[in-house]
Amino acid sequence: MPNHLKKIPVQVLKFGGTSVANSENILKVLKILQSKSKEDTVIAVVSALGGMTDTLQQAGELANSKDAKYLNLYESIKERHLDTANLLGLKETSLLQIEDQLANLKNILQGIYLINEFSAKTKDKVLSFGELLSSFIISEGLKRLMNDAELKDSRELIITDSSYTRAQLLSETTEKNIQVYFNSNKAKVTIMPGFVSRNEKGDTTTLGRGGSDFTAAILAAALNASVLEIWTDVSGMFTANPRLVKQAFPVKELSYQEAMELSHFGAKVLYPPTIRPVLEKNIPIVIKNTFEPEATGTHVNKKVNNEQGPVKGISHLPDIALLTLEGSGMVGIPGFSKRLFETLSSENINVILITQASSEHSICVAVQSGDIPIAETAINNAFAYEISLGKIDPVLVEDDLAIVAVIGDNMKNHQGVSGKMFSSLGKNNVNIRAIAQGASERNISAVIASKDVKKALNTLHYRFFERQVRTLHLFIVGVGNVGRRLLDQIWQQQEYLYENLLLNIKVVGLSNSKKMIFEENGIELDNWHSALDNGVKIVPERWFETVKELNLQNSVFVDITANAEVADTYNQYLHESIAVVACNKIACSAQLSKYKELKKLSKKYNVPFLFETNVGAGLPIINTLNNLINSGDKIISIEAVLSGSLNFVFNNFSLKRPFFDVVRQAQEEGYTEPDPRIDLSGVDVARKILILARESGNELDLEDIENISFLPKSSLEANTISDFYETLKEEASHFDALFEKAQKNDCRLKYVATFSDGKAKVGLQEVDREHPFYNLDGKDNIVLFYTSRYTDQPLIVKGAGAGAEVTASGLFGDIISLGKK
């Protein structure tokens with residue numbers, strides 16, 4: 001049959017190990033073959049039962065090491081094949097033939113055990129039994145359903161050299177054999193074992209792991225088949241690994257080159273050499289799902305589909321190591337690269353990626369991690385002379401890495417693809433160790449840490465394939481009054497935020513003072529109480545380590561406590577590029593050096609540190625101040641009532657209502673801190689004005705704030721909250737006197753914070769009717785900003801400045817703002 005044979009109505013189908021793993025799956029395969037045979041002549045190439053090749057390999061190794069357990073493994077192999085055959089209803093004669101083949105396998109294993117010989121040649125004999133047995137079982141099962149079916153041993157057609165375990169095809173002989181056989185073969189369906197072949201002496205060889213795909217492609221190319229279908233357990237080649245990227249979806253159409261690149265970079269659906277034989281003949285490949293045969297799958301052909309965008313897929317290779325050869329002695333001296341690659345080639349080490357600085361000072365290559373010991377020794381030996389002279393350094397080895405690759409034929413016609421790739425990874429704290437890009441721009445590869453693979457794949461998939469819905473992963477500490485309301489607000493607004501702001505907020509971590517829970521896919525917010533009750537005991541160090549290990553993109557730590565130990569951990573989160581949102585004001589009012597460190601880390605790692613609710617609960621006080629500063633304005637002075645709780649207290653306090661009762665009400669309604677002494681001592685207000693002063697660009701510490709307390713000495717010295725309340729009762733006359741004096745002067749009592757000329761103070765003041773603070777009602781806050789632009793009339797921010805609901809709203813606002821960045 002001539003080589004220019006026209007396409008004939010023959011379809012070549014290949015079924016992988018998962019498709020033929022058991023009798024139930026094989027029945028699905030038989031049904032597909034029956035259906036296909038109604039359209040065209042069909043050649044079906046089958047793999048070994050799922051996992052069988054590894055089992056055979058293990059049996060051979062046990063026998064070779066004189067471990068009698070190989071017999072146990074053999075028995076399991078025998079049992080699995082006979083059980084499968086019985087469940088398919090094969091005849092007794094068929095079962096006897098299977099037992100004969102299994103007996104041959106046992107004899108070979110016993111020989112290995114006796115003479116300790118498990119050479120590459122013997123290994124090919126052992127491994128071939130997987131496909132030989134499965135193809136016989138499947139063909140016999142098919143013959144029960146249709147008469148026009150036949151089994152053909154691939155070893156009679158596919159001829160190779162004697163490179164056992166990785167045999168090289170003898171193309172002309174193989175093509176002639178295939179054409180001659182199928183020119184005379186009239187069977188509607190021919191079953192053939194994949195992976196196996198023979199050399200010219202007649203000895204069994206194999207085409208390498210994944211070689212069943214290659215078998216199918218060889219047949220399709222030799223016969224100019226109309227199509228090559230690869231049947232597996234997924235509905236095509238996906239935009240990314242669906243086990244790591246839940247949003248991944250099948251690609252409808254790929255070019256041969258795109259499929260080659262995706263196959264090389266970890267897409268397990270295809271074995272890379274598969275595409276080469278059919279590429280020359282322009283035979284389309286279709287990736288189909290045995291368990292969902294009606295799904296469209298992925299069509300691979302010569303045409304480049306530009307409608308799907310420049311990027312077609314994102315893939316990765318795990319278990320990568322970088323080898324770097326560098327030194328001043330390399331500059332301008334030819335031959336270093338040649339010697340390096342020859343050294344690796346002589347050790348049969350495959351170079352996966354290459355990058356070299358234009359200065360010629362270093363060259364870096366990526367290899368499989370398993371090749372490190374041999375590669376390192378070989379390179380250091382090859383360059384021992386230069387190393388001894390100090391011209392170059394011993395090879396630098398970096399392990400525990402992976403390669404991520406963005407792939408697409410049309411990327412060269414779109415500007416900015418690499419920019420989007422690297423900026424997206426950088427924003428998510430994925431450090432890139434090496435980069436490679438061919439002139440064709442079909443593949444842009446980056447070497448990253450193995451721990452970052454999942455985050456990198458999800459980040460890139462979001463950037464190139466998904467509707468630009470930004471997902472925030474929240475880790476919330478503190479579920480008291482404010483925390484509960486924040487969770488309620490998030491739950492109520494989730495759908496709105498998704499539809500209108502393209503923002504998906506997931507609470508993936510939650511803790512109180514006793515328990516903690518994590519759920520990577522998001523905690524159900526309508527049932528978080530019981531979920532947390534059933535959580536594990538809180539261990540602060542383990543909490544942080546889990547947040548770090550999850551390594552989710554756009555992670556946000558939310559602190560809704562007043563705990564100093566929690567505030568001390570902010571630097572750890574920022575260092576890991578995890579955003580921090582806090583209503584806990586301890587960190588920003590701690591020592592100046594601590595505040596400056598957090599600001600520096602936020603800037604260094606390009607990660608937000610937001611604390612709007614530190615001052616004024618939900619009021620946009622800090623945001624307004626920052627806008628003034630960023631627009632070039634200068635703060636002259638600040639006057640403010642910054643304690644909603646104190647304003648509530650003094651607005652409700654009168655001679656008819658004891659001071660003690662009003663304070664108790666304020667605490668019960670959530671206006672004060674759990675410990676009201678923090679509010680009434682003025683410390684809370686002092687912290688707030690300190691934060692505003694620092695945000696204005698001034699360097700102050702809490703000790704620099706003048707705190708003029710209105711509390712009597714006994715209240716200030718109270719050891720417990722209950723003791724404190726007792727002093728409020730005992731000192732009632734003291735508080736009544738303050739009120740009477742203000743009333744006599746036609747004034748009202750307000751706890752005021754001021755900042756001017758680099759100095760700040762807080763204290764109780766009498767304000768007259770003309771002052772903006774006089775009519776400040778309820779729990780409201782007010783801030784007057786006097787600036788270079790607002791000189792005569794200040795810029796005023798006024799509104800509710802206390803309460804769990806508005807504080808939660810302020811936190812929610814900070815969180816939402818992260819979704820816009």
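Buried means under 20% relative accessible area, exposed means over 50%, and partly exposed lies in between (1.4 Å probe, protein chains only). Phe-659 is buried, with a relative accessible area of 3%. This is a predicted model: local features need pLDDT of at least 70, side-chain atom pairs count only at pLDDT 80 or more, and totals for chains, interfaces and linings use all residues. Residues are numbered from 1 along each chain as its sequence is written, and side-chain values use heavy atoms, leaving out hydrogens and water.

**Aromatic pairs**

- The structure holds 23 aromatic pairs (rings of Phe, Tyr and Trp, the last by its six-membered ring, with centres within 6.5 Å; planes under 30 degrees apart are stacked, over 60 edge-to-face, the rest tilted).
- The Tyr-181 and Phe-182 ring centres are 4.9 Å apart and the planes stand at 85°, so this pair is edge-to-face.
- Tyr-181 and Phe-182 are both buried.
- Phe-659 and Phe-710 also pair edge-to-face, at 6.2 Å centre to centre and 80° between the planes.
- That pair links distant parts of the chain, 51 residues apart: Phe-659 is in helix α23 (residues 659-668), and Phe-710 is in the loop between β26 (705-708) and α26 (713-716). Helices (H or I, at least four residues) and strands (E, at least two) are DSSP runs, numbered from the N terminus.
- Phe-710 counts as buried, at 5% relative accessibility.
- One aromatic cluster includes Phe-650, Phe-653, Phe-659, Phe-710 and Tyr-751.

**Charges over rings**

- Lys-729 has its charged end over the ring of Phe-660, 4.7 Å from the centre (NZ of Lys or CZ of Arg within 6 Å of the ring centre and within 35 degrees of the ring normal).
- Arg-339 lies over the face of Phe-336, 5.9 Å from the ring centre.

**The six-stranded sheet**

- Six strands form an open sheet with mixed pairing, in the order β26-β28-β27-β25-β29-β30 (two strands pair if DSSP finds at least two bridges between them).
- β26 and β30 (795-800) are at the edges with a single partner strand each, so one side of each has no neighbour in the sheet.
- Strands β27 (residues 748-756) and β28 (residues 759-767) run antiparallel and are joined by nine bridges.
- Lys-750 stands opposite Gln-765 in β28.

**Helices on the sheet**

- Helix α22 (residues 644-652) packs on the sheet and touches β25, β27, β28 and β29 (contact means heavy atoms within 4.5 Å).
- The direction of α22 makes about 150° with that of β27 (axes are lines fitted to C-alpha atoms, for helices over the stretch in contact; angles run from 0 to 180 degrees between N-to-C directions).
- Helix α21 (residues 621-630) lies across β25 (635-641), β29 (780-787) and β30, at about 10° to β29.
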